[in-house]
Amino acid sequence: MGDSYKQPGRLRPAPENFLSEDQIKAVGAGRRDFLRKSFMAAGAAFAAPLAARASEGDPAILNLPEWTTSLGQPVATRPYGMPSKYESQLLRRESPGLTRVGGASVSFCPLQGLFGIITPSGLHFERHHQGWHDIDPSKHRLMINGSDPEFLKKPKVYTMDELMRMPSVSRIHFIECGANTGLEWGNVAVPTVQYTHGMLSCSEFTGVPLKLLLEDCGVDYKKARYILAEGADGSSMTRTIPMEMVESGEVFVAYGMNGEMLRPENGYPLRLVVPGVQGVSWVKWLRRIEVGDKPYATKDEAVHYIDLLPNGLHRQYTSIQECKSVITTPSGGQTLLDKGFYNVSGLAWSGRGKIKQVDVSFDGGINWQTARIEGPVQNKALTRFNIGWVWDGKPAILQSRAIDETGYVQPTYGQLRKVRGTKSIYHNNAIQSWKVVESGEVTNVQVL
């Protein structure tokens, strides 16, 4: 990095961090004149303190501020800690007009403002099919039964107290909605990484392996080859999961998330965790597990969450989230305010295991450099990558390409569309491109 690092560039946050909803829509429509004026005003505000530092010294360091000369607030002023008021704009947000009702919608995680791999519980993305409830855990039950008496010897009903007294595991995994990046199948649709990739989060989950519960109920693995998971919400979300995943020990029923109980929006008091599989199978407010001998073909796996192919056929039960990555900074809606060194950072993940390598291109995929992977690298979890870049003020196209431990290489849009076409909704794992122009504005583009 050398001398280039001594002059780091400055980055203006993405629009959703400091603009109104009307202004966000204007950005998406390509109307950027007002945005340039905002940057000019911000630049003027920065100019004075920069000049002061150069000529007279920085008053922010020369003069002791009030927080250094006064008594601070006492402990437990906030019994449950909250973010700083200066970080109040970093929020999960619903995309305007995406759905007709908020109860069957999505809130997107602000990936552009996060560090590391763990998503704060309060910023974890949401996907609901009929809204969420804050359920009384003393009244919640988990029933385990079989579609045939031969499949399960002892059907049982568990209370939360009984589940929480059983041997537990804690594991870090990503969860991604199958429709994440779905708006981009045909062409560029949304301006920022919060909306292109924000149906994605990663947390430490704590709970009881489902294998342990099934064996407690006397499951017959030779006859029972599938499970059906059912939620307690108004949509009665139900999903089929192959028994192989359960037998591996990976699938568990979770009550904990990031060291505390699940949040209501994320399934409190109990949800299913199915690592590497699309989020709809991580059934929230889990109330029932049924074991059977064949896939159940329920509404949400026969009509929804299926992949339309170019020949008109649908792929069904395509649950695994394939290897994928995205640069989160610089990313769409942000602006590079001057030339110099930038730390390009992003996330990579694979539903088939660990991330092995991430390459980054600054010229739209012509040349690639291997990024630094920040460890430890977890199985089926987000992986943070970083790479240094000196922007010379000329146009550039930033891309990242992930490779997982199976050798799978994240495809370009051209490669993916040859197989999947452009009419699908789910499982878009194509390489994301961010275009940087001379003004420093970063926009969402697609490179085949």
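# Reading a predicted model

Reader: What order do β2, β3 and β4 take in their open sheet?

Author: The order is β2-β3-β4, and these 3 strands pair in the antiparallel sense. Strands here are DSSP runs of E with at least two residues, helices are runs of H or I with at least four, and both are numbered from the N terminus. Two strands count as paired if DSSP finds at least two bridges between them.

Reader: Before we go on, what kind of model is this?

Author: This is a predicted model, in which local features need pLDDT of at least 70, side-chain atom pairs count only at pLDDT 80 or more, and totals for chains, interfaces and linings use all residues. Residues are numbered from 1 along each chain as its sequence is written, and side-chain values use heavy atoms, with hydrogens and water left out.

Reader: Thanks! How do you know that β3 and β4 pair?

Author: By counting bridges. Strand β3 (residues 106-108) and β4 share 2 bridges, and the definition asks for at least two, so they pair. One of the bridges links S107 to E126 in β4.

Reader: What makes β2 and β4 the edges of that sheet?

Author: β2 (93-94) and β4 (126-127) each have a single partner strand, so one side of each has no neighbour in the sheet.

Reader: Why is strand β17 called largely enclosed?

Author: A residue is buried when its relative accessible area is under 20%, exposed when it is over 50%, and partly exposed in between (1.4 Å probe, protein chains only). In β17 (residues 324-329), 6 of the 6 residues are buried, so the rest of the structure largely encloses the strand. β17 also pairs with strand β19 (residues 340-349) in the antiparallel sense, over 5 bridges; T329 and S345 are bridge partners there.

Reader: How do you know that the buried residues of α9 line one face?

Author: Helix α9 (residues 413-420) buries Y413, G414, L416, R417 and R420. Seen down the axis, these residues fall within an arc of 165 degrees, so they line one face of the helix. The arc is taken from the directions that run from the helix axis to the C-beta atoms. On the other side, K418 and V419 are exposed.

Reader: What covers the buried residues of α9?

Author: The cover includes β15 (307-308) and β16 (314-315).

Reader: What makes L210 stand out in the largest nonpolar core?

Author: A nonpolar core is a set of buried Ala, Val, Leu, Ile, Met, Phe, Trp, Tyr and Cys residues joined through side-chain atoms within 4.5 Å. The largest one has 90 residues, and L210 is among those with the most contacts inside it, along with L213, L214 and W389. Contact means heavy atoms within 4.5 Å. Beyond four places in sequence, the contacts of L210 include I227, V246 and F252.

Reader: What is the phi of Y305, and why is this residue called buried?

Author: Its phi is about 55 degrees, a positive value, although Y305 is not a glycine. Most residues other than glycine have a negative phi, and most peptide bonds are trans. Y305 lies in the loop between α8 (299-302) and β15. Its relative accessibility is 5%, under the 20% limit, so Y305 counts as buried.

Reader: Lastly, how many disulfides does the structure hold?

Author: It holds 0; a disulfide would need a pair of cysteine sulfur atoms within 2.5 Å. As for individual cysteines, C109 is buried at 0% relative accessible area, and C177 is buried at 5%.
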